Amino acid sequence: LFLEQLREVMVEPKVYLGVEMYRKGIYDPTIQVAMEKRKEIIEILNKFRENPLPQEWYPFSVICENCGKISTTKILSYDEEEKVVEYVCSKEKVLLHKKYWVEGCGHKGRVSVFGGTGKLVWRVEWPARWYALKVTCEPFGKEHAASGGSYDTGREICEKIFGWKPPYPVIYEHFTVKGEKMSKSKGNVITLPMMLRFLAPEEIRYWMFQGKLTIAKDINLERMVPKIVEDFQRAERVYFNLEEEKDERVRNNLIKAYKLAVVKPSRPRIQVPFSLASLIVQFVDIEKKFETALEIIEKSLGIKVKDEDLSL
């Protein structure tokens, strides 16, 4: 669903599934290095921890062959030559997340660390991914950028353990809804399909790319929709030299945001002011009487809409 929604706003990423990366061996070199240099990793992580990791800690978590749980397993030993770990799935209850507890099955076993039998722990997996995919730039939320957070530890592990230059960090803020944190419990979650009811994909992209990533984007549909439409239309006019903007900095920002929003700008669209569009939909059923709405637009703006303009 997430990938389908991305395509609706013209974002088509190359998708890597974590489980497939492990099964196909993409992580194998980093798993081997991490297991061999686990003592160095412990030293790095302990610099940022109040409670030091024990010396018997391993940067890899095994999936129990018997019950399929991963949070209940504990590695007892590692054979560097065979690349095999001996583990036990503890029957003691483990706190998984806040109030959720899980219990293992007591199974003991030996498995290779390759082939998708488990995964690297998060603070090691992130820098391992940078190395495996040769990442040079990484956007992430502000919580990862906190002092001693996963980017700080990841940067050091990436450089000292895997020998890869840490990617350039792009830190972004979160979305808020009418000034409050977006939350399921509050019932104020705004989804992309909801925004697409009121804004075109290009307009949403423009809103995303305009301004600073370090400032939270507040969603207030009643107030923001008219402004986004008007700002987007102005940026389009500036881009196609239909409107002058003397401030060079403002002009460059408008043009850059527009180019990122439209992807391949070809020609300006017929710009219908939001106030006119909102007035038309109040008394014209556009789906049934599109020609009527089009006639109102042409007369109001004093233009003739060509067939090739309708696709825009």
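The model is predicted, so to speak of local features pLDDT must be at least 70, and side-chain atom pairs count only at pLDDT 80 or more, while totals for chains, interfaces and linings use all residues. Residues are numbered from 1 along each chain as its sequence is written, and side-chain values use heavy atoms, with hydrogens and water left out.

**Stop 1: the largest pocket**

Select F2, L6, V11, Y172 and M208. Of the 46 lining residues, these lie nearest the centre of the largest pocket. Its volume is about 1700 Å³. A pocket here is an open set of points on a 1 Å grid over the protein atoms alone, where a 1.4 Å probe fits, with protein on both sides within 12 Å along at least five of seven lines; lining residues have an atom within 4 Å of a point. The volume is the space filled by probe spheres set on the points, which are joined across faces, edges and corners.

Now colour the elements that supply at least two lining residues each, among them α1 (2-8), α5 (122-133) and β12 (217-219). Helices (H or I, at least four residues) and strands (E, at least two) are DSSP runs, numbered from the N terminus. Which helix gives the largest share of the lining? It is α8, with five residues. By class, the lining has 30 nonpolar, six polar and ten charged residues. Ala, Val, Leu, Ile, Met, Phe, Trp, Tyr, Cys and Pro count as nonpolar, Asp, Glu, Lys and Arg as charged, and the others, Gly among them, as polar.

**Stop 2: α8 and α9**

Axes are lines fitted to C-alpha atoms, for helices over the stretch in contact, and angles run from 0 to 180 degrees between N-to-C directions. Show E202, E203, Y206 and W207 of α8; they contact α9 residues including M224, I228 and F232. Contact means heavy atoms within 4.5 Å.

**Stop 3: α8 and α10**

The angle with α8 is about 135°, and the axes are 8 Å apart. The two helices are therefore oblique to each other. On α8, pick E202, R205, Y206 and F209; on α10, pick residues including L254, Y258 and V262. This contact has eight nonpolar, no polar and two charged residues.

**Stop 4: α4 and α6**

Finish with α4 (residues 38-46) and α6 (residues 150-160). They pack at about 150°, axes 10 Å apart. They are therefore roughly antiparallel. I41, I44 and L45 of α4 meet T153, E156, I157 and K160 of α6.

Terms used
Parallel < 35°, antiparallel > 145°, perpendicular 65-115°, else oblique.
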